[in-house]
Amino acid sequence: EELLLYAKNTLQTIDGIRIFGPKKPVGCISFSIKGVHPHDLTEILGRKGICLRAGHHCTQILHASLGVKATTRLSVGLYNTKEDIDVCIATIKEAIAFLRR
């Protein structure tokens, strides 16, 4: 719970991010970033060993009502640390810079 809240607060430092879900994240965090397709983002992250998921996550109706075609989902496990989140966010920012140029 603490790690998810840390991840959400850290994600909010990213320009153009839109986080979906409750104020206090439960289980995972879904988000989109203006001008960046979730599949492009997760492809770049995956090549760097960071595994996030992209798509509609079996919630097509919800995505349609929110006006998004897909989102990126960040999940944490018992083995994750704040340092993992920091590396993930830094790599997301690098990927965004690459994709927006």
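Reader: Is Lys24 buried, partly exposed or exposed?

Author: The model is a predicted one. In it, Lys24 has a relative accessible area of 48% and is therefore partly exposed, because the exposed class begins over 50%.

Reader: Which residue forms a salt bridge with Lys24?

Author: Side chains of opposite charge can pair when their charged atoms come close. Here the partner of Lys24 is Glu1, with 3.0 Å between the closest N and O atoms. This pair links distant parts of the chain, 23 residues apart: Lys24 lies in the loop between strand 1 and strand 2, and Glu1 in the segment before helix 1. Glu1 is exposed, at 67% relative accessible area.

Reader: How many salt bridges does the count give?

Author: The count comes to three. Another of them joins the side chains of Glu2 and Lys82, at 3.7 Å from N to O. Glu2 belongs to helix 1 and Lys82 to helix 4, so that this pair too links distant parts of the chain, 80 residues apart. Glu2 is exposed, with a relative accessible area of 60%, whereas Lys82 is partly exposed at 37%.

Reader: Where in the chain are Arg47 and Glu43, and what separates them?

Author: Both residues are in helix 2; they are four residues apart, which means a separation of about one helical turn. Arg47 is exposed, its relative accessible area being 69%, while Glu43 is partly exposed at 42%.

Key
Residues are numbered from 1 along each chain as its sequence is written. This is a predicted model: local features need pLDDT of at least 70, side-chain atom pairs count only at pLDDT 80 or more; totals for chains, interfaces and linings use all residues. Side-chain values use heavy atoms; hydrogens and water are left out. A salt bridge is a side-chain nitrogen of Lys or Arg within 4 Å of a carboxyl oxygen of Asp or Glu. Helices (H or I, at least four residues) and strands (E, at least two) are DSSP runs, numbered from the N terminus. Buried means under 20% relative accessible area, exposed over 50%, partly exposed in between (1.4 Å probe, protein chains only).
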